[in-house]
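Trainee: I'm new to this one. Could you walk me through a few of its features?

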Amino acid sequence: MTLHICRACDGETSLVLDLGRTAPSHRFLNSAMAHDPEPTGPLRLVRCENCGLLQLDELLPVDSTSELTAQPADVAVLAQQIVERYGLERSDLVLEIGDESYLRAFRPFGVRTKSVMAPEHLHRHPPGSARIVLGRKALCRTDLPTLLHGVAHLLSPDGIAIFEVPHVLPLFERLAYDDICHETRCFFSVEGLCMLMARHGLELIDAVPMKNDSGYVRVTVQREGGPIFSRTAVEKIVAKEQSAGLNRPDAWADFAQLVEQSRDLLTSEIEDWLYRGKRVAAWTRNGRGMTLLAYCGLDSRRLTCVIDENPDLHGRLTPGHRIPIVSPECLKRDHPDLILWLGGEWDPEHGGPLADHWQRGGRVLLPLPKPHYADPAHLRRTIDTIVPGLSFSDFA
């Protein structure tokens with residue numbers, strides 16, 4: 001289904017980036033699925049000219065239950081903080097939209113818990129009956145007006161709602177087009193979220209970037225005029241967004257141009273390795289990197305395998321490009337000359353599992369924001385290992 005109006009405000013949208021026709025990035029193929037045709041659809045990012053929301057203009061039916069995303073490490077800590085900070089009692093209701101990623105952590109505290117699978121089910125509960133509403137990725141996966149109208153209906157006067165949303169600031173600053181996929185409908189700015197919440201009688205009171213290179217921000221919402229007044233964290237992030245120029249259409253035109261140039265640099269670099277008869281593999285975590293592989297045309301003819309740390313993916317094929325997914329143990333018997341890193345932001349700790357690869361003289365190519373090589377001496381990128389070409393100094 002193609003949409004030409006904004007999901008949040010019905011404003012007109014304009015194209016930001018066309019990543020081509022791709023398969024759902026979390027639909028990894030087992031042996032039975034490998035013989036069947038894959039569903040594919042256009043992956044286009046558009047921007048609302050009215051409220052600035054970044055969103056997909058066409059929705060491809062996807063099975064979100066097959067998604068492999070790591071559980072946030074701070075779930076138990078977050079639950080305890082909420083119980084203590086808001087003085088939750090046994091009679092208070094904690095409700096989660098979607099799965100029970102957070103709900104399980106609240107049960108040891110003796111509060112009432114309940115989950116609903118769809119936002120339209122929120123109105124089945126009495127108004128003002130929920131003290132806490134949780135929606136891990138609900139804002140970027142469901143109908144926005146229906147969801148927020150339901151949250152405003154359900155929250156008690158002193159209640160809060162907590163959401164995790166993909167944030168446009170790291171998308172922009174890291175040139176992280178690889179985070180765009182059919183499974184994520186929208187990318188939010190905190191400034192835009194403030195306006196979006198206000199339309200539904202809600203207000204944003206906190207915003208905290210999530211750790212572990214997720215590209216997400218965790219936001220807290222209350223009913224408009226609620227008891228919490230501190231908005232310092234929200235104001236700081238909004239200031240960063242404004243400084244980056246995220247509300248300017250020309251900034252996103254530059255973003256699209258830089259994405260294309262980054263792709264061309266990466267494909268040229270890999271083709272050079274292949275021309276010299278070298279073997280290239282990819283390394284990822286929980287199946288990240290599928291959009292990049294599709295957009296750059298990197299399939300099983302160019303990559304020998306994709307090494308993934310998640311054992312649930314071993315023996316499967318990547319969606320669309322159909323590259324075999326193997327265990328890190330395969331490095332001990334299969335020795336690629338180059339590893340394309342698809343595991344997100346590079347950190348020195350990533351070098352540990354690649355120790356044998358380094359010792360054999362192998363290289364690791366980091367694709368974003370532009371192709372550059374990890375330095376085995378320091379396990380970090382250095383200026384003399386960057387692929388010659390485009391300068392990002394005026395962008396990031």
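Mentor: Happy to. One definition before we start: a residue is buried under 20% relative accessible area, exposed over 50%, and partly exposed in between. And keep in mind that this is a predicted model.

Trainee: Okay, is Arg-301 buried or exposed?

Mentor: Look at its relative accessible area, which is 67%. The cut-off for that class is over 50%. So Arg-301 counts as exposed.

Trainee: Which residue does Arg-301 meet in a salt bridge at 2.8 Å?

Mentor: Opposite charges are the thing to look for, because side chains of opposite charge can pair when their charged atoms come close. Here the 2.8 Å runs from N to O, between the side chains of Arg-301 and its partner. That partner is Asp-299.

Trainee: And is Asp-299 buried or exposed?

Mentor: Its relative accessibility is 15%. Buried means under 20%, so Asp-299 counts as buried.

Trainee: How many salt bridges does the count come to?

Mentor: The rule asks for a side-chain nitrogen of Lys or Arg within 4 Å of a carboxyl oxygen of Asp or Glu. Arg-248 and Asp-250 pass with 2.7 Å from N to O. By this rule the count is 17.

Trainee: Where does Arg-285 sit, the salt-bridge partner of Glu-309?

Mentor: The closest N and O atoms of Glu-309 and Arg-285 are 3.5 Å apart. This pair links distant parts of the chain, 24 residues apart. Glu-309 is in the loop between β12 (306-308) and β13 (325-326), while Arg-285 is in the loop between β11 (280-284) and α8 (290-295).

Trainee: Why is strand β4 (residues 93-97) largely enclosed by the rest of the structure?

Mentor: Check both sides of the strand: Leu-93, Leu-95 and Ile-97 point one way, and Val-94 and Glu-96 the other way. All of them are buried. So β4 is largely enclosed because the buried residues number five of the five.

Trainee: Which residue of β6 stands opposite Leu-95?

Mentor: β4 has parallel partners: five bridges join it to β5 (residues 112-116), and three bridges pair it with β6 (residues 130-135). On the β5 side, Val-94 stands opposite Thr-113. On the β6 side, the residue opposite Leu-95 is Val-133.

Notes:
Residues numbered from 1 in each chain as written. Predicted model: local features only at pLDDT ≥ 70, side-chain atom pairs only at ≥ 80, totals over all residues. Heavy atoms only, no water. Helix = DSSP H or I, 4+ residues; strand = E, 2+ residues; numbered from the N terminus. Buried < 20%, exposed > 50% of the residue type's maximum accessible area, 1.4 Å probe, protein only. Pairing = 2+ DSSP bridges.
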